[in-house]
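Here are some exercises to work through with the model open beside you. Try each task before reading its solution.

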Amino acid sequence: MAPPCRCRSKLAACAVLVILLGLQGPCTWVQTPGRVFSIVARRASAEEEAKPKQQLWTLEVGCTDHYVWRDKDVFVGIVADAGEWTVDLDAVRAAFDEAVETGTAELFSAPLHVVKDYVKELSSYGLASRAKEAAPDAEEGGYQRRDYKELAPEIKESSEESRAIAEADASGQAMQIVVFKCDHPSMAGDKRSQMKFKAYVELAADAAQRWTPGDEALSRCYAQINGKAGKAVVLENLTPDLAKRAVDQFRASGITAEVEPMPKKTAAN
């Protein structure tokens, strides 16, 4: 019986090595004397293609009789650095020229929460803008988030709220915390008890890594809890994990609270 061919054994070993290595990267090459083997990890690319493409939205501005449309530099100064985001200066200048000539212009494409933030910020200056579904071939880019340390306190709070909504939506089900009337000392109904209630809400908000609702909102919640409703939503737009942290904090303080799914958004919302 003839001894096994060493060349064939080596080729077989190389083939196995190629397969094993190929599954770990996009493309792996192994060279042997006189032959080159290659393998492409199709599984990884197939998984990437199977992932649903994120829906992008486009920020569109409209030229009006607003004073900023009389001066390109003023327009660029406002639009390029509005709120939490900054936009490429050349893109803003080009958008100004296009809008003056045609009436409207597109600035950039991004996830909906980014474009909505920009629309809100530009609206505060009286500028006409809107979020519209991006074209199928649109690519995300042309904007970036400003350094958080540079933001004004009111913009930081707005930024945090937008981020919270985006995270909750991405989780598949945004949750809210409902506090019920109970025999806890903070539910007595007087001013001092109300201050305690706000402190407990602040602890729960900290546990959920969220800003504490403002005094006006908490006063309204407190009135609902002690009124006919007997309950109130005190925290919203939480991921399931963060909602659990918040409700656990309330319960640890002796306050009756539950996690509930937020109502589904409708076209009117």
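**Exercise 1. Find the residue that stands opposite Trp57 in S5, and describe the sheet around this pair.**

Step 1. In this predicted model, the residue facing Trp57 across the strand pair is Ala110 of S5.

Step 2. Now look at the two strands themselves. Strand S3 covers residues 57-62 and is joined to S5 by five bridges, with the two running antiparallel.

Step 3. Widen the view to the sheet. It is open, has three strands in the order S5-S3-S6, and its pairing is antiparallel. Strand S5 (104-110) and strand S6 (128-133) are the edge strands, each pairing on one side only. On average, neighbouring strands here are turned by 25° against each other, direction ignored.

Step 4. Finish with the helix. Helix H5, residues 112-123, lies across S3, S5 and S6 and runs at about 20° to S3.

**Exercise 2. Determine how helix H3 and helix H4 pack, and which residues make the contact.**

Step 1. Locate the pair: H3 spans residues 72-79 and H4 spans residues 89-102.

Step 2. Read off the geometry. The helices pack at an angle of about 130°, and their axes are 10 Å apart.

Step 3. Classify the angle. Angles over 145 degrees would count as roughly antiparallel and 65 to 115 as roughly perpendicular; a value of about 130° therefore makes H3 oblique to H4. The crossing of H3 past H4 is right-handed.

Step 4. List the contact residues. H3 contributes Lys72, Phe75, Val76 and Val79, while H4 contributes Leu89, Val92, Arg93, Phe96 and Asp97.

**Exercise 3. Decide whether Gln176 is buried or exposed, and name its surroundings.**

Step 1. Apply the cut-off. Buried means under 20% relative accessible area; Gln176 has 8%, so it is buried.

Step 2. Gather its contacts, leaving aside neighbours within four places in sequence. They are Val233, Leu235, Glu236, Glu258, Val259, Glu260, Pro261, Met262 and Pro263.

**Exercise 4. Summarise the whole protein chain in a few values.**

Step 1. Its secondary structure comes to nine helices and 10 strands.

Step 2. Of its 269 residues, 36% are buried.

Step 3. Among contacts with a separation of 6 or more, 69% are between residues 24 or more positions apart.

Step 4. The accessible surface comes to about 16700 Å², and carbon and sulfur atoms hold 53% of this surface.

Conventions. Residues numbered from 1 in each chain as written. Predicted model: local features only at pLDDT ≥ 70, side-chain atom pairs only at ≥ 80, totals over all residues. Heavy atoms only, no water. Helix = DSSP H or I, 4+ residues; strand = E, 2+ residues; numbered from the N terminus. Buried < 20%, exposed > 50% of the residue type's maximum accessible area, 1.4 Å probe, protein only. Contact = heavy atoms within 4.5 Å. Areas by Shrake-Rupley, 256 points an atom, 1.4 Å probe, with all protein chains shown as cover. Axes fitted to C-alpha atoms, helices over the stretch in contact; angles between N-to-C directions. Parallel < 35°, antiparallel > 145°, perpendicular 65-115°, else oblique. Left-handed = near helix turned anticlockwise from the far one by under 90°. Pairing = 2+ DSSP bridges.
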